[in-house]
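Please brief me on this protein chain.

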Amino acid sequence: EMHATVAVYDGRAFTLYESSQGIVNHRVAMARMLDVPEDSVRVVTEHVGSGFGSKLWPWGHSLLAAAAARDLGSPVKLVLSRRMMFHNVGHRSNTSQRVRLSATRDGRLTSLRHDYLFHVAMDEYHKENCGEATGFLYSTPNLRAAYGSARRNIAPTTSMRGPGAVPGLYAIESAMDELAIELGMDPVELRLRNEPEQDEAAGLPFSSRHLRECLLQGAERFGWARRDPRVGSMRRDGLVLGWGMAACSWMAVRLKAQASVALRADGTARVASATQDIGTGTYTVMAQMAGSVLGLPPDRIEVALGDTALPPGPTSGGSMATGSLVPAVLAAAREAVRQLAACAARAGLPQLAGVAADDLRLTGGRLHGAGRPPSSGVPFQDVLRAAGIERIEGHGQSEGSDADPRAKRHSMHSFGAHFVEVTWEPAIARLRVARVVTVIDAGRIINPRTGRNQIEGAVVMGVGMALLEETSYDSRQGAPVNNNLADYMVATHADAPDIDVHFVEHPDTVLNELGARGIGEIGLAGVAAAITSAVHHATGVRVRDLPVKVETLLQAQSAD
């Protein structure tokens, strides 16, 4: 969807209806730019149709709308055009990467060197951290990752979905595929032989790492054992098949968060936090988290998000929102239950006579004595009515993992593996991604349905990255030439392959109590490398510059 702002100024305070992935940060930034106290700015973002990183930060149009509303004394709506979307709200950095690997004949890495350069605008500082996963993905006694930036007359870059690790893993995993061919070794086996015992760059143990399981399960589900490694050797229904694979990883970080949970006399509950749902299912998982403590189904829990009037919540970026909300929501729900128990003790309900407040439990919406069946207790709404109150509210908060001593003693990441089949029809120059099997290790999956949807969407985005998406710039102005959805190619339903997503659930309780890590971006990491590996297997053409172009494949074919 377009970036847009509706700004309202009432003479004292601003209300900004925004398309934002971080309303709390947006509020702070706008207050400073408008030179007003933070409590004079309210940001509302109840639903975001899409974000992918471009809506992590405030852009100029939001400030312009707010200033115009203030100066005109009237609400102002400002919507960017599609052309502006390509220039005004960030894009992924263009990167140039060089990877050097050395290994013994039995496939043990002896060195890994990763040098990368990324483009930035003239007056910005932004790091595209392509080396994010380089230091811990594989074991090697000699490691170097170095980077530099190149200033260009282009629009500012930003943290597009999967910043750093996505382009970085394209380079690393492509290099691993080339090394496997050089060694005459199966690419899955090469990765298994270089599994590290710990994060060797940081010198820390992993909080949880099950990449080996992802590789083995993915290979089995895909049917990898049937792969003939000879180029162009596999065929089906007159099509040349190419099979490729790649590993993937993504950071696991917990941000500061606050939440409130209220129990109401009508038998419902409300959980609230000033975070936002960018299509990832935050409304649903918030209800699930609170319901796990309250014993209530989601249809009896109202979820309030997307308003800075609520307790401050995390940014929806870096796949961090869900994992960050877990401790705050659980703490708030438990505090609400403690307050309910105190109310019950004061109300003197006969069903709970003789039970101390500390021995009361809430199960299935009924308050009862510990060790007694829930049916012996009282619906919580009856407790509130007996106490003569309409609602009680608990509050919870948690610090980020950077302030957690236990978290700082561990290297925390999610892992996974992608297996890809492409079909190639040289007679008509048609290349298609036919099927993908993805196995992800992301801790506990709170909602498998929305979780699977996240990975499926990321895989389709990976198809676009590998085969379609490319921005062409006007050398005279530095502006994108293909700044519309007719000339800029994105994957559609017709391009989407059959996708099989599987989670290996190993809760990571170092990150949070439920053991849930983020999954929005890991599904994109590694996909492009798996696709180009499959393209090489089908055609014999090694593509190192994305996207894959049919002309490149045809030129190689004609040269043969």
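This briefing covers the whole chain, then single residues.

The structure is a predicted model: local features need pLDDT of at least 70, side-chain atom pairs count only at pLDDT 80 or more, and totals for chains, interfaces and linings use all residues. Residues are numbered from 1 along each chain as its sequence is written, and side-chain values use heavy atoms, with hydrogens and water left out.

**Overall build**

- The chain holds 13 helices and 19 strands. Helices (H or I, at least four residues) and strands (E, at least two) are DSSP runs, numbered from the N terminus.
- The chain has a radius of gyration of 26 Å, close to the 24 Å that the globule rule gives for 560 residues, so it is as compact as a globular protein of that length. This radius is taken over C-alpha atoms, and the rule is 2.2 Å times the number of residues to the power 0.38.
- The C-alpha trace spans about 90 × 60 × 45 Å along its principal axes.
- Of the contacts with a separation of 6 or more, 76% join residues 24 or more positions apart. Contact means heavy atoms within 4.5 Å.

**Surface and charge**

- Buried residues make up 55% of the 560 residues. Buried means under 20% relative accessible area, exposed means over 50%, and partly exposed lies in between (1.4 Å probe, protein chains only).
- The accessible surface comes to about 23,800 Å². Carbon and sulfur atoms own 49% of that surface. Areas come from the Shrake-Rupley method with a 1.4 Å probe; for residues, only the protein chains shown count as cover.
- The chain has 57 positive and 60 negative charges, and their mean positions are 1 Å apart. Lys and Arg count as positive, Asp and Glu as negative; His and the chain ends are not counted. Each charge is placed at NZ of Lys, CZ of Arg, CG of Asp or CD of Glu.

**A buried arginine**

- Arg517 sits in the loop between strand 19 (498-503) and helix 12 (527-539).
- Arg517 is buried, because its relative accessible area is 3%.

- Glu425 belongs to strand 17 (residues 413-425). Its relative accessible area is 22%, so Glu425 is partly exposed.
- Not counting residues up to four places away in sequence, Glu425 touches Leu239 and Arg430.
- Glu470 lies in the loop between helix 11 (448-467) and strand 19. At 35% relative accessibility, Glu470 is partly exposed.
- Among the contacts of Glu470 outside four places in sequence are Asn482 and Pro547. Glu470 and Asn482 are 12 residues apart in sequence, with their C-alpha atoms 8.8 Å apart.

**Backbone details**

- Leu546 and Pro547 are joined by a cis peptide bond, with omega about 0°. Pro547 lies in the loop between helix 12 and helix 13 (550-559).
- Phe52 is not a glycine, yet its phi is positive, near 60°. Phe52 is in the loop between strand 3 (41-44) and helix 2 (60-72).
- Ala429 is not a glycine either, and has a positive phi of about 55°. Ala429 is in the loop between strand 17 and strand 18 (430-441).
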